[in-house]
Amino acid sequence: MDRHHAPYTTSPAPAEELARELRSLKSESGLTYARISERTHYAKSSWERWVNGKQFPPRDAVESIASVCAGDADRLLDLWRRADGCRAAGTPAGALPDTAVSPAPGPAGAARSGCRQHHGHRTGLLRPLVALVLMLAAGLVLAVTGRWPSRPDRTVG
């Protein structure tokens with residue numbers, strides 16, 4: 001395989017790995033979300049989202065669950081830092097590309113840390129912005145040239 005089309009890693013992205021570790025820790029502890037919630041300052045619904053990978057947890061929540069469930073805080077925090085690094089690099093941690101393409105330029109640590117690169121996410125943000133700019137430009141041209149669409153006069157009878 002040539003150097004321009006490096007294959008993507010099949011190992012889980014850091015955020016996926018973190019969620020898997022949180023699920024395992026919760027399961028091994030035998031605690032319910034309600035019990036974990038009682039022992040921390042987070043709601044049980046938040047714990048459900050974090051443990052199931054639906055939402056990225058705050059750092060202190062990871063520290064809290066490690067303490068409450070007697071987990072390896074250093075390992076969990078290392079996973080959290082790597083996943084947060086992917087988020088900071090603008091890479092959706094669980095995103096997979098349609099095809100293997102060369103990694104996008106960015107923080108060198110992002111590719112080495114296991115972040116899965118996804119190149120289409122920028123397009124999704126760019127399209128609405130371009131549409132807005134075009135609408136504003138069209139409005140400006142119409143205002144400057146004075147060529148507003150004519151409206152029939154309305155008379156009140």
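This is a predicted model: local features need pLDDT of at least 70, side-chain atom pairs count only at pLDDT 80 or more; totals for chains, interfaces and linings use all residues.
At 23% relative accessibility, Glu 21 falls in the partly exposed class.

What does the side chain of Glu 21 meet in a salt bridge? The partner is Arg 75, at 3.2 Å from N to O. Glu 21 belongs to helix α1 and Arg 75 to helix α5, so the pair links distant parts of the chain, 54 residues apart. Arg 75 is partly exposed too, with a relative accessible area of 36%.

## The other salt bridges

How many salt bridges does a search of the whole structure find? There are seven. Another of them joins Glu 17 to Arg 82, with the closest N and O atoms 3.1 Å apart. This pair also links distant parts of the chain: Glu 17 sits in helix α1 (residues 14-29) and Arg 82 in helix α5 (residues 73-88), 65 residues apart. Is Glu 17 buried or exposed? Glu 17 is buried, at 14% relative accessible area, while Arg 82 is partly exposed at 28%.

A local example is Glu 38 with Arg 35, whose closest N and O atoms are 3.0 Å apart. Both belong to helix α2 (residues 33-39), and because they are three residues apart there, about one helical turn separates them. In general, an α-helix has 3.6 residues a turn, so residues three or four places apart point the same way. Glu 38 is exposed, with a relative accessible area of 57%, and Arg 35 is partly exposed at 43%.

## Overall layout

Out of 157 residues, 27% count as buried. Among contacts in the protein with a separation of 6 or more, residues 24 or more positions apart account for 56%.

## Helix α3

Which residues of helix α3 (residues 44-51) are buried? They are Ser 46, Trp 47, Trp 50 and Val 51. Looking down the axis of α3, these buried residues stay within an arc of 120°, so they line one face of the helix. They pack against α1, α2 and α4 (59-68).

After α3 comes Gly 53, which has a positive phi near 75°. Gly 53 turns up again at the largest pocket, as one of the lining residues closest to its centre.

## Helix α4 and what follows

In α4, the buried residues are Ala 61, Val 62, Ser 64, Ile 65 and Ala 66. What covers them includes α1, α2, α3 and α5. Ser 67 is also found in helix α4, but Ser 67 is exposed, at 60% relative accessible area. Ser 67 and Thr 40 are 27 residues apart in sequence, and their C-alpha atoms are 9.5 Å apart in space.

Just after α4, Ala 70 takes a positive phi of about 55°. Most residues other than glycine have a negative phi, and Ala 70 has a positive value in a residue other than glycine. Where does Ala 70 lie? Ala 70 is in the loop between α4 and α5. Ala 70 is exposed as well, with a relative accessible area of 71%.

## The largest pocket

The largest pocket holds about 160 Å³ of space. It is lined by 12 residues, and the closest to its centre are Ala 15, Glu 16, Gly 53, Gln 55 and Phe 56.

Which helix gives the largest share of the lining of the largest pocket? That is α1, with five residues. Sorted by class, the lining has seven nonpolar, two polar and three charged residues.

Key. Residues are numbered from 1 along each chain as its sequence is written. Side-chain values use heavy atoms; hydrogens and water are left out. A salt bridge is a side-chain nitrogen of Lys or Arg within 4 Å of a carboxyl oxygen of Asp or Glu. Helices (H or I, at least four residues) and strands (E, at least two) are DSSP runs, numbered from the N terminus. Buried means under 20% relative accessible area, exposed over 50%, partly exposed in between (1.4 Å probe, protein chains only). On a 1 Å grid over the protein atoms alone, a cavity is a set of points where a 1.4 Å probe fits but cannot get out, and a pocket is an open set with protein on both sides within 12 Å along at least five of seven lines; lining residues have an atom within 4 Å of a point. Grid points are joined across faces, edges and corners, and a volume is the space filled by probe spheres set on the points. Ala, Val, Leu, Ile, Met, Phe, Trp, Tyr, Cys and Pro count as nonpolar, Asp, Glu, Lys and Arg as charged, and the others, Gly among them, as polar. The arc is that of the directions from the helix axis to the C-beta atoms. Contact means heavy atoms within 4.5 Å.
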